Amino acid sequence: MFDHAALRAQFPILKLTENGHPLTYLDNASTSQKPLSVIQAVEDYYSTQNANVHRGVYGLSERGTDAFETVRKKVQAFVNAKSYKEIIFVRGATEGVNLVAQSWGRHFLKAGDQVIVSEMEHHSNLVPWQMLREQIGIEVIKWPINERGELSLEDLAGLLNERTKLVAVTQMSNALGTINPIKQIVEMAHQAGAKVLVDGAQSTSHIKVDVQALDVDFLVFSGHKLYAPTGIGCLYAKQALLEAMPPYMGGGDMIYKVSFEQTEYNELPYKFEAGTPNIAGVIGLGAALDFINQLGFERIAQIEEELLHYATERLSQIEGLRIIGTAATKGAVVSFVIEGAHPHDLATLLDQDGVAVRASHHCAMPVMLKFNVPATVRASFGVYNNRDDIDRLVASIHEALDMLR
Ligand SMILES: Cc1ncc(COP(=O)(O)O)c(C=O)c1O
């Protein structure tokens, strides 16, 4: 028997009370809570290892550099990249997309080239392409979603043409929960001569992502959504692409030799890592990957699918509640609106009962426009959530509706 209570006990924050109630944390799509092993890894780093990396010849710095580079290899294994050189540490998914847009996009795209962006993208995988449109005149083409919040491969076939240079798509939608068929998308895009950037911000904590099996060109993700600290994330890109791309930012560590006349850039992956990195964040990310690996994606799927099923069933019984995002393949996210209750009012009342959900456009305003709602309430689940959390959510919604209606 799997001891779920022991898993939950690894997360100290879940012992908190909010407004006199146990904290019911259901905002995992925004950020996940951190297990003790991650918190301790960061504390140990600052207590016993702190020194800058890649610079000192003294023991402390060398040990820190080893620990830092070990995590890069862990990330390489986590996404099954061919080489550690393909793993670039960034602040998060947002910085990863901006790096690709400003380095690869600005260098290799020209006016009239097309970037297909799905309608369900987080703003961080849309706005950087719009910025590039302003800078060099590319076209940003919308790949629409249907009324269930799904993308159609037939629609993609109709959009791909010789001017398409990139398809930018999320593997899992934060606003809808939809999981997209990345392998087929990549095959189709590659046949049309386009590259694919996958936003793994949501998917990497729920699904095993294998960049070689999927053959993706770029993958971005954020540590803080997979039980690691904030301010650290990764860009994976095929080595040949990274070799050809110019640096994104200039500064220390990304250079090999500098004079006023000429600068030689460092080799991969350091060419893309200017300045002192988030070393503690990287160490914490390593501990988070250990946590996920120990648990295993099979167990994660089992826990989260059960929660998704139970939450969908219980929430669907609430009168006037409409689930936004009913894709056939979904991750553990339930977005909804309720007749007669504004999402923000609802979330504020839920907070009185210690229930933390997100009420907003979820940084996916085009999705809200598509479903003609200003915002939704979103309950999103992590491995530590249980049925009691969902029962508390549902009970609290009933109480709130009694007040609001
Ligand atoms: C699907 C998706 N992409 C990108 C991001 C941006 O991640 P970050 O803010 O960590 O850079 C998020 C965050 O909510 C997300 O859910």
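Start by selecting R322 and V337: R322 stands opposite V337 in strand β14. Before going on, note that this is a predicted model, where local features need pLDDT of at least 70, side-chain atom pairs count only at pLDDT 80 or more, and totals for chains, interfaces and linings use all residues. Residues are numbered from 1 along each chain as its sequence is written, and side-chain values use heavy atoms, with hydrogens and water left out.

**Stop 1: a sheet and its helix**

Strand β14 covers residues 333-338 and pairs with β13 in the antiparallel sense over 4 bridges. Here, strands (E, at least two residues) and helices (H or I, at least four) are DSSP runs, numbered from the N terminus. Two strands pair if DSSP finds at least two bridges between them.

Together with two further names, these strands make an open sheet of 4 strands, in the order β13-β14-β17-β16, with antiparallel pairing. Its edge strands are β13 (321-324) and β16 (358-360), each of which pairs on one side only. On average, neighbouring strands of this sheet are turned by 35° against each other, direction ignored. Axes are lines fitted to C-alpha atoms, for helices over the stretch in contact, and angles run from 0 to 180 degrees between N-to-C directions.

Touching, or contact, means heavy atoms within 4.5 Å.

**Stop 2**

Select β10, residues 233-237. How many of its residues are buried? The count is 5 of 5, where buried means under 20% relative accessible area, exposed over 50%, and partly exposed in between (1.4 Å probe, protein chains only). In a regular strand the side chains alternate between the two faces of the sheet. Colour G233, L235 and A237 for one side of β10, then C234 and Y236 for the other: both faces are covered.

Strand β4 (residues 87-90) pairs with β10 in the antiparallel sense over 4 bridges, and F89 stands opposite C234. β9 also pairs with β10 in the antiparallel sense, over 5 bridges; there, L219 has Y236 as its bridge partner.

While C234 is selected, compare another cysteine. C234 counts as buried because its relative accessibility is 1%, whereas C363 is partly exposed because its relative accessible area is 24%. The structure holds 0 disulfides (pairs of cysteine sulfur atoms within 2.5 Å).

**Stop 3: rings**

Show the side chains of Y227 and Y384. They form an edge-to-face aromatic pair, 6.0 Å centre to centre with 80° between the planes. Rings of Phe, Tyr and Trp (its six-membered ring) pair if their centres lie within 6.5 Å; planes under 30 degrees apart count as stacked, over 60 as edge-to-face and the rest as tilted. This pair links distant parts of the chain, 157 residues apart: Y227 is in the loop between β9 and β10, and Y384 in the loop between β17 and α14. Are these two residues buried or exposed? Both Y227 and Y384 are buried.

The charged end of R387 sits over the ring of Y310, 4.0 Å from its centre, and that of K73 over the ring of Y84, 5.2 Å from its centre. The test is that NZ of Lys or CZ of Arg is within 6 Å of the ring centre and within 35 degrees of the ring normal.

**Stop 4: backbone details**

Go to the loop between α3 and β4 to find N80. N80 has a positive phi of about 55° although it is not a glycine, and N80 is partly exposed at 30% relative accessible area. D253, in the loop between α9 and β11, also has a positive phi, near 75°; D253 is buried at 15%.

Then select L268 and P269: the peptide bond from L268 to P269 is cis, with omega near 0°. P269 is in the loop between β12 and α10.

**Last stop: V167**

Finish in strand β7, where V167 is found. V167 is buried, with a relative accessible area of 0%. Among the residues V167 touches are I116, W143 and L197. The C-alpha atoms of V167 and I116 are separated by 4.7 Å, though the two residues are 51 apart along the chain.

Notes. Lists of a residue's contacts leave out its neighbours within four places in sequence.
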